[in-house]
Amino acid sequence: MPGLTGVIADAAAHLGTHSSVLLLIDGLGSFNLDDDPSLAPTMASLPRTDLMTGLPSTTSASITCLLTGVDTAQHGLVGFAFRTRPGFAMNTMLWDDPSFIPETAQPVPTWFERLGAQGIPTAVVVPSVFANSGLTRAILRGADFVGIEHENDWEEQTALVADAVKTHPLTYVYARSLDHAGHARGWRSSAWRRQLRRIDGFVGQLLETLPTGTTLTITGDHGMVDVAPTHKVLIDDEPELAQDIDLVAGEARFRYLYTTEPEAVATRWAKWWGGRADVFTREQALPLFGATPPTPDVATRFGDVVVALHDDWVALTSSRPREAQMIGMHGSLTDQERLVPLLKGMV
C-alpha cells in the first residue's frame with residue numbers, strides 16, 4: 001500500500017497546470033473517519049484512497065515523511081521523543097534539546113527547498129506558535145511561513161489559505177485540533193465528533209473559496225486508539241520491566257528503551273507482555289522504519305529495545321506524566337493507527 005512519502009511528489013508533478021493545497025489533519029485515521037461518515041459529509045463525498053503511515057505512527061515522524069518524501073530511517077525524526085544525547089530524550093514537538101541542531105538533525109531537503117530551487121514558491125499555513133521552532137526549521141524550511149493566530153477561527157484560516165494560493169503554487173496547511181480532542185477526550189467522545197464536524201466544514205469552505213483550478217488534497221498523519229484505564233501499565237511499578245532501563249522514550253504505544261543489556265531487557269519484556277506486544281532489539285526493528293538502513297548516527301536514536309503494543313495497551317513512564325492523562329493514543333503497528341485517508345477535490 002502506498003505511503004505518505006509519495007504524496008507531494010504526485011502534487012508537484014502537476015504544478016505546471018494548476019495550484020495545489022495540501023491539508024494535513026492531525027489525527028485523521030481511516031478507521032476513525034469511517035466510524036460515522038455523517039460527521040464529515042464533505043470529505044465523504046471526495047474521491048479517496050488509503051495510505052499506510054511509516055513508523056512510529058505519530059505526528060513528527062509521519063509529517064516529516066510527508067514533507068521530505070523519505071522514510072523515518074532516512075529523515076531521522078524517529079518519534080515523539082527519542083534520545084539525542086546520553087541520558088536525555090528530546091520532545092520533538094517542543095525541540096527541548098538546544099544542542100540538537102534542526103538543520104543537521106534532519107538533513108534531507110524538504111519538498112519546499114527542492115521546489116524553491118526550481119523557482120517554485122511554496123507556503124505553509126500553520127499555527128503561529130510554530131514560527132522559528134526547531135521542528136519548523138527541520139521540516140518546513142524553504143517555504144514562506146503564514147501563521148494562524150486563531151486556530152478556532154476557520155474563516156480566518158480559509159482566507160489565509162486562499163491568499164497564499166494566489167502567489168504560491170503549493171500551499172501546505174496543518175490543522176491539529178482533532179488530535180488534541182482525541183488525546184484529551186478520546187476519539188469516540190462528543191468533543192472529537194464536534195471537532196471532526198468543524199474540520200469538515202473547513203474543508204467545505206476551502207472548496208468554495210479557493211481559486212478555480214486548485215487541487216485540494218487532504219490526508220492524516222495517524223489514526224487513534226482509545227485506551228482503557230485498566231490497560232495502562234506503569235513501567236516504574238513493574239520490577240521486571242524497569243530492570244536495566246537507563247532511559248524510556250518513544251510513545252506510550254511504541255516504546256524506545258535505552259539500555260546496555262538489550263537482549264536481557266527484550267527477553268523479559270517479551271515474556272511479561274506475552275501476546276500484548278511485539279518486542280524487538282534495535283537490529284531486529286530497523287527494517288520496520290524503511291528499506292534503506294539509517295546512518296549510524298540516526299540508528300542510535302532508536303531504542304536499544306523497541307516495543308510495539310497491541311490492542312489498546314500502553315506502557316507508561318513516570319518521567320512523562322502527561323501521557324497517563326490521555327485517552328486517545330497512537331504510535332504502534334495497528335491498522336487503526338497506521339491507515340490514513342487520501343482525499344482529493346478539484347475546485
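The report below takes the pocket and then the salt bridges.

This is a predicted model, in which local features need pLDDT of at least 70, side-chain atom pairs count only at pLDDT 80 or more, and totals for chains, interfaces and linings use all residues. Residues are numbered from 1 along each chain as its sequence is written, and side-chain values use heavy atoms, with hydrogens and water left out.

The largest pocket holds about 920 Å³ of space. A pocket here is an open set of points on a 1 Å grid over the protein atoms alone, where a 1.4 Å probe fits, with protein on both sides within 12 Å along at least five of seven lines; lining residues have an atom within 4 Å of a point. The lining has 29 residues, and Phe-80, Met-93, His-183, Arg-322 and Met-326 lie nearest the centre. Helix H10 (177-185) is among the elements that supply at least two lining residues; the largest share, 4 residues, comes from H10. Helices are DSSP runs (H or I) of at least four residues, and strands are runs (E) of at least two.

The whole structure has 15 salt bridges, each a side-chain nitrogen of Lys or Arg within 4 Å of a carboxyl oxygen of Asp or Glu. Three of them are tabulated.

| Pair | N to O distance |
|---|---|
| Asp-10 and Lys-344 | 2.5 Å |
| Asp-34 and Arg-48 | 2.6 Å |
| Asp-297 and Arg-301 | 3.0 Å |

In the last pair, Arg-301 is buried at 3% relative accessible area, whereas Asp-297 is partly exposed at 48%. Buried means under 20%, exposed over 50%, and partly exposed in between (1.4 Å probe, protein chains only).

Note on methods: Points joined across faces, edges and corners; volume = space filled by probe spheres on them.
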